[in-house]
Amino acid sequence: MRDKTVDILKGFAILLMVMGHFLAAATSHLDGGEPHNGWLVGQWIYSFHMPLFFFLTGYLSVKAPSSLHNFGCKVLRKVQTLLMPGVAFMLIGYWFTGGWEMAWFLKVLFQLTVVFACVRYFVEKYKISMLWELVIHAIVFVVWFVGSHYIKGTWAAEHLWIHNAAVRYPYIVL
């Protein structure tokens, strides 16, 4: 059964995303072509709308039962719902602009959901307490974050947004 509160929050976050991008584009002339960082509404929107998406993803992931079968299905579903649209977006973008860039959000959310699902599968399989689960998440975050600094300047760092995913991992854990 769908949680109406989550649906309302997702709709609110989507509305804020559209509004934030519109305001950034509308004020880009103020800083010589860059989005104007001085606008208060934009700063307010950007302070939490993406973390809200990641938080809701983590909330919904915890509610779903975790088994090896469910883990495989979850990863396959994320390939279908995040990576495949991302590739389509990338191809359309290449057609219009000549660039091969996939939307950062799709790459980051895919990484977050797969890593989070791995940890949740491990936690549920071995019946690990909540305190130790938080310790595991903290270790994953530190390893991911520190590791992302060692690959700066590589193709993976530039195109997969590994550091950006690591920085957002705490939001999905909350």
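Visitor: Which residues does His 137 touch, leaving out those up to four places away in sequence?

Guide: In this predicted model, His 137 touches Phe 116, Val 119, Tyr 169 and Val 173, when residues up to four places away in sequence are not counted.

Visitor: And where is His 137, and is it buried or exposed?

Guide: His 137 lies in helix α5, which covers residues 130-150. His 137 has a relative accessible area of 4%, and it counts as buried because that value is under the 20% cut-off.

Visitor: Tyr 169 was on that list. What is Tyr 169 in contact with?

Guide: Setting aside its neighbours within four places in sequence, Tyr 169 is in contact with Leu 112, Val 115, Phe 116, Val 119, His 137, Val 140, Phe 141 and Trp 144. Tyr 169 is also among the residues with the most contacts inside the largest nonpolar core.

Visitor: How many residues does that core have, and which others have the most contacts inside it?

Guide: The largest nonpolar core has 25 residues. Besides Tyr 169, those with the most contacts inside it are Phe 54, Leu 82, Val 108, Leu 112, Trp 144 and Ile 172. The elements giving two or more residues to this core are α1 (4-26), α2 (40-63), α3 (68-97), α4 and α7 (162-173). The largest share, 9 residues, comes from α4. As a general point, nonpolar side chains tend to be buried together in soluble globular proteins.

Visitor: What follows α4?

Guide: Lys 127 follows α4, and the phi of Lys 127 is positive, near 50 degrees.

Visitor: New topic: which residues form the nonpolar patch on the surface?

Guide: That patch is formed by Phe 55, Tyr 59, Leu 60, Tyr 171 and Leu 174, which together have about 470 Å² of accessible area. Helix α2 gives the most to the patch, with 3 residues. Leu 174 is found in the segment after α7. With a relative accessible area of 71%, Leu 174 is exposed, because the value is over 50%.

Visitor: Finally, the whole chain. How many helices and strands are there?

Guide: The protein chain has 7 helices and 0 strands. Of its 174 residues, 29% count as buried. The accessible surface comes to about 11000 Å², and 73% of that belongs to carbon and sulfur atoms.

Visitor: What share of the contacts with a separation of 6 or more joins residues 24 or more positions apart?

Guide: Such residues account for 64% of those contacts in the protein chain.

Key: Residues numbered from 1 in each chain as written. Predicted model: local features only at pLDDT ≥ 70, side-chain atom pairs only at ≥ 80, totals over all residues. Heavy atoms only, no water. Helix = DSSP H or I, 4+ residues; strand = E, 2+ residues; numbered from the N terminus. Core = buried A, V, L, I, M, F, W, Y, C linked by side-chain atoms within 4.5 Å. Buried < 20%, exposed > 50% of the residue type's maximum accessible area, 1.4 Å probe, protein only. Contact = heavy atoms within 4.5 Å. Patch = residues over 30% accessible without salt bridge, like charges linked within 9 Å, V, L, I, M, F, W, Y side chains within 5 Å. Areas by Shrake-Rupley, 256 points an atom, 1.4 Å probe, with all protein chains shown as cover. Salt bridge = Lys/Arg side-chain N within 4 Å of Asp/Glu carboxyl O.
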